[in-house]
Amino acid sequence: MADMVPRLFFDHFQPTSFIADEDGEILGFLIGFLSPARTNEAYIHFVGVDPNHRQKSIGKNLYEHFFSTVQQEKRHIVRAVTSPVNETSIAYHVKMGFSIERGKEENGIHIHKNYDGPGQDRVRFVKELDLI
């Protein structure tokens, strides 16, 4: 997955991008940022957990750390997207308290057609955080 996560994300979004590691081994990561256009929002761009380390709350801890970080920046809306065929991601986001934004319903899921370009449909998520 390293080719999908260029260094620029960690260089430019360092305050809101995190790596979970153990003894120098990367177990997971979350790339997120504060929206410059929507000053009450933050966005989770990409998350990955090593398949050998799943079911250990690594993803949950990364998400919760991101939520806490963006709350400190007075952001209370977090957004994310995934592919409609990624049932695991859809279920995980719902488990983490995200709501699926209404779109065109297909096969029981709301999707946004061509969201990331022609043929690039996405499921959009939103989560509201308490302001601290």
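Reader: Which residues do ring pairs link into a cluster?

Author: This is a predicted model, in which local features need pLDDT of at least 70, side-chain atom pairs count only at pLDDT 80 or more, and totals for chains, interfaces and linings use all residues. Residues are numbered from 1 along each chain as its sequence is written, and side-chain values use heavy atoms, without hydrogens and water. Rings of Phe, Tyr and Trp (its six-membered ring) pair if their centres lie within 6.5 Å; planes under 30 degrees apart count as stacked, over 60 as edge-to-face and the rest as tilted. The cluster linked by ring pairs consists of Tyr63, Phe67, Tyr92, Phe98 and Phe125.

Reader: How are the rings of Phe13 and Phe33 arranged, among the aromatic pairs of the whole structure?

Author: A search of the whole structure finds 9 aromatic pairs. In the pair of Phe13 and Phe33 the ring centres are 5.0 Å apart and the planes stand at 25°, so the arrangement is stacked.

Reader: Is Phe13 buried, partly exposed or exposed?

Author: Buried means under 20% relative accessible area, exposed over 50%, and partly exposed in between (1.4 Å probe, protein chains only). The relative accessible area of Phe13 is 25%, so Phe13 is partly exposed.

Reader: What kind of aromatic pair do Phe98 and Phe125 form?

Author: Phe98 is buried, as is Phe125. Their rings lie 6.2 Å centre to centre with 75° between the planes, an arrangement that is edge-to-face.
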